[in-house]
Amino acid sequence: VALNSLSEGTLYHYQVCSTDSASNQGCSGDNTFTTLDLTPPVISSVVVSGITDTAATITWTTNEAATSFVDYDTDGSPYASTAGNATLVTSHSVNLTGLTAGTTYHYRVRSADAAANSATSSDATFATLVVDATPPVISSIDVSSINQTTATVTWRTQDGTARAGVD
(Lines give C-alpha, C1' and ligand atoms only; values in the text may rest on other atoms or scores of the structure.)
Protein backbone atom coordinates (compact mmCIF):
# COMPACT_ATOMS: atom_id res chain seq x y z
CA VAL A 1 0.00 0.00 0.00
CA ALA A 2 1.46 3.36 -1.02
CA LEU A 3 0.77 6.19 1.40
CA ASN A 4 0.55 9.60 -0.28
CA SER A 5 0.19 13.22 0.81
CA LEU A 6 2.18 12.71 4.00
CA SER A 7 3.75 15.66 5.80
CA GLU A 8 7.52 16.11 5.74
CA GLY A 9 9.41 15.32 8.95
CA THR A 10 6.36 13.80 10.66
CA LEU A 11 6.05 10.73 12.89
CA TYR A 12 3.28 8.37 11.72
CA HIS A 13 1.76 5.43 13.59
CA TYR A 14 0.36 2.53 11.56
CA GLN A 15 -1.03 -0.97 11.86
CA VAL A 16 -1.34 -3.48 9.04
CA CYS A 17 -4.17 -5.97 8.78
CA SER A 18 -4.86 -8.86 6.40
CA THR A 19 -7.96 -10.95 5.87
CA ASP A 20 -7.90 -14.41 4.34
CA SER A 21 -10.57 -16.04 2.15
CA ALA A 22 -12.31 -17.44 5.24
CA SER A 23 -12.66 -13.89 6.65
CA ASN A 24 -10.01 -14.47 9.32
CA GLN A 25 -8.22 -11.23 10.11
CA GLY A 26 -4.76 -10.75 11.54
CA CYS A 27 -3.32 -7.35 12.53
CA SER A 28 0.11 -6.20 13.56
CA GLY A 29 0.83 -4.16 16.61
CA ASP A 30 1.44 -0.42 16.54
CA ASN A 31 4.37 0.55 14.32
CA THR A 32 5.88 3.93 13.47
CA PHE A 33 7.93 5.67 10.83
CA THR A 34 9.00 9.25 10.29
CA THR A 35 9.02 10.91 6.89
CA LEU A 36 12.22 12.65 5.86
CA ASP A 37 12.80 16.32 6.65
CA LEU A 38 14.48 17.83 3.60
CA THR A 39 13.70 21.50 4.24
CA PRO A 40 16.45 23.69 5.71
CA PRO A 41 15.65 26.27 8.37
CA VAL A 42 14.77 29.79 7.21
CA ILE A 43 17.20 32.43 8.50
CA SER A 44 15.78 35.91 9.18
CA SER A 45 16.36 39.12 11.14
CA VAL A 46 20.17 39.03 11.12
CA VAL A 47 21.47 41.92 13.25
CA VAL A 48 24.94 42.98 14.38
CA SER A 49 24.96 44.80 17.73
CA GLY A 50 27.22 45.57 20.65
CA ILE A 51 30.07 46.50 18.35
CA THR A 52 33.21 47.61 20.21
CA ASP A 53 36.83 47.87 19.13
CA THR A 54 37.39 44.12 19.72
CA ALA A 55 33.95 42.46 19.78
CA ALA A 56 30.50 42.24 18.21
CA THR A 57 27.34 40.19 18.73
CA ILE A 58 25.40 38.72 15.81
CA THR A 59 21.80 37.61 16.32
CA TRP A 60 19.20 36.02 14.04
CA THR A 61 16.11 33.82 14.11
CA THR A 62 15.12 30.60 12.36
CA ASN A 63 11.67 29.12 11.80
CA GLU A 64 12.71 25.83 13.44
CA ALA A 65 15.25 24.78 16.04
CA ALA A 66 18.73 24.88 14.52
CA THR A 67 22.43 25.37 15.30
CA SER A 68 24.10 28.80 15.57
CA PHE A 69 27.36 29.47 13.71
CA VAL A 70 29.01 32.62 12.32
CA ASP A 71 31.82 32.42 9.77
CA TYR A 72 33.91 35.61 9.58
CA ASP A 73 37.10 37.11 8.22
CA THR A 74 38.53 40.43 7.08
CA ASP A 75 38.35 39.61 3.38
CA GLY A 76 35.33 37.33 2.95
CA SER A 77 35.08 33.86 1.53
CA PRO A 78 36.73 31.59 2.36
CA TYR A 79 36.08 32.58 5.96
CA ALA A 80 39.05 31.88 8.23
CA SER A 81 37.19 31.91 11.57
CA THR A 82 34.01 30.35 12.95
CA ALA A 83 32.22 30.91 16.26
CA GLY A 84 29.01 29.44 17.63
CA ASN A 85 27.51 26.24 18.98
CA ALA A 86 25.47 23.20 18.03
CA THR A 87 22.58 23.76 20.47
CA LEU A 88 19.26 23.67 18.58
CA VAL A 89 17.38 26.96 19.17
CA THR A 90 15.22 29.39 17.17
CA SER A 91 16.73 32.62 18.61
CA HIS A 92 20.44 32.70 17.87
CA SER A 93 23.18 34.88 19.39
CA VAL A 94 26.91 34.52 18.76
CA ASN A 95 29.56 36.74 20.35
CA LEU A 96 32.67 37.44 18.29
CA THR A 97 35.68 38.42 20.40
CA GLY A 98 39.36 39.11 19.80
CA LEU A 99 38.63 41.31 16.78
CA THR A 100 40.97 44.04 15.57
CA ALA A 101 39.99 47.69 16.15
CA GLY A 102 39.06 49.78 13.12
CA THR A 103 38.63 46.74 10.86
CA THR A 104 35.86 45.74 8.45
CA TYR A 105 34.77 42.12 8.86
CA HIS A 106 32.83 39.97 6.39
CA TYR A 107 30.47 37.46 7.98
CA ARG A 108 27.67 35.00 7.28
CA VAL A 109 25.43 33.07 9.64
CA ARG A 110 24.76 29.33 9.33
CA SER A 111 22.09 27.16 10.92
CA ALA A 112 21.32 23.45 10.52
CA ASP A 113 18.23 21.66 11.82
CA ALA A 114 18.08 18.26 13.57
CA ALA A 115 17.95 16.51 10.18
CA ALA A 116 21.21 18.29 9.16
CA ASN A 117 19.47 20.52 6.60
CA SER A 118 21.67 23.60 6.45
CA ALA A 119 20.95 27.25 5.58
CA THR A 120 23.50 30.05 5.14
CA SER A 121 22.93 33.79 4.91
CA SER A 122 24.56 35.92 2.27
CA ASP A 123 27.82 37.74 3.01
CA ALA A 124 27.52 40.98 4.98
CA THR A 125 29.96 43.32 6.72
CA PHE A 126 30.42 45.33 9.91
CA ALA A 127 33.31 47.47 11.17
CA THR A 128 34.81 47.47 14.64
CA LEU A 129 35.28 50.80 16.40
CA VAL A 130 38.48 52.79 16.15
CA VAL A 131 40.25 53.47 19.43
CA ASP A 132 41.97 56.85 19.41
CA ALA A 133 44.66 56.79 22.10
CA THR A 134 46.48 59.92 20.84
CA PRO A 135 45.81 63.04 22.92
CA PRO A 136 45.21 66.29 21.03
CA VAL A 137 48.18 68.58 20.47
CA ILE A 138 47.39 72.09 21.67
CA SER A 139 48.83 75.06 19.82
CA SER A 140 48.19 78.77 19.20
CA ILE A 141 47.05 79.60 22.73
CA ASP A 142 45.75 83.15 23.01
CA VAL A 143 44.18 85.07 25.88
CA SER A 144 42.08 88.08 24.91
CA SER A 145 39.29 90.31 26.12
CA ILE A 146 40.81 90.55 29.57
CA ASN A 147 39.00 92.76 32.04
CA GLN A 148 38.37 92.81 35.78
CA THR A 149 36.25 89.59 35.95
CA THR A 150 36.57 87.75 32.60
CA ALA A 151 39.03 86.62 29.98
CA THR A 152 38.69 84.66 26.72
CA VAL A 153 41.13 81.81 26.10
CA THR A 154 41.37 80.34 22.58
CA TRP A 155 43.58 77.60 21.15
CA ARG A 156 43.85 75.14 18.28
CA THR A 157 44.20 71.35 18.16
CA GLN A 158 44.92 68.95 15.32
CA ASP A 159 41.97 66.77 16.43
CA GLY A 160 38.54 68.02 15.38
CA THR A 161 36.89 65.80 18.01
CA ALA A 162 38.61 67.36 21.04
CA ARG A 163 36.41 69.01 23.65
CA ALA A 164 37.31 72.43 25.00
CA GLY A 165 38.05 73.15 28.63
CA VAL A 166 40.21 75.41 30.74
CA ASP A 167 41.70 74.29 34.03
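**Exercise 1. How many bridges join strand β5 to strand β6, and do these strands run parallel or antiparallel?**

Solution. The structure is a predicted model, in which local features need pLDDT of at least 70 and side-chain atom pairs count only at pLDDT 80 or more, whereas totals for chains, interfaces and linings use all residues. Residues are numbered from 1 along each chain as its sequence is written, and side-chain values use heavy atoms, with hydrogens and water left out. Begin with the elements: strands are DSSP runs (E, at least two residues) numbered from the N terminus, and two of them pair if DSSP finds at least two bridges between them. Strand β5 (residues 43-49) and strand β6 (residues 56-73) are joined by 5 bridges and run antiparallel. Within this pairing, V47 stands opposite T59 in β6. The hairpin of β5 and β6 has 6 residues between the strands, and there G50 takes a positive phi near 60°.

**Exercise 2. Locate the disulfide and determine its handedness.**

Solution. Apply the rule that a disulfide is a pair of cysteine sulfur atoms within 2.5 Å, which gives a count of 1 disulfide. The partners are C17 and C27, with their sulfur atoms 2.1 Å apart. This pair links distant parts of the chain, since C17 lies in strand β2 (residues 17-19) and C27 in strand β3 (residues 25-27), 10 residues apart. The torsion about the S-S bond is about 115°, so the disulfide of C17 and C27 is right-handed. Turning to accessibility (buried under 20% relative accessible area, exposed over 50%, partly exposed in between, with a 1.4 Å probe and protein chains only), C17 is partly exposed at 38%, and C27 is partly exposed at 43%.

**Exercise 3. Which residues of the largest nonpolar core touch the most other members?**

Solution. A nonpolar core is a set of buried Ala, Val, Leu, Ile, Met, Phe, Trp, Tyr and Cys residues joined through side-chain atoms within 4.5 Å. The largest such core has 13 residues, of which I58, V70, Y72, L96, L99, Y107 and F126 touch the most other members. Next, assign the core to elements: β6, β7 (81-96) and β8 (104-112) are those that give two or more residues to it. The largest share, 5 residues, comes from β6.

**Exercise 4. Is V143 buried or partly exposed?**

Solution. V143 is found in strand β11, and because its relative accessibility is 44%, V143 counts as partly exposed.

Note on methods: Helices (H or I, at least four residues) and strands (E, at least two) are DSSP runs, numbered from the N terminus.
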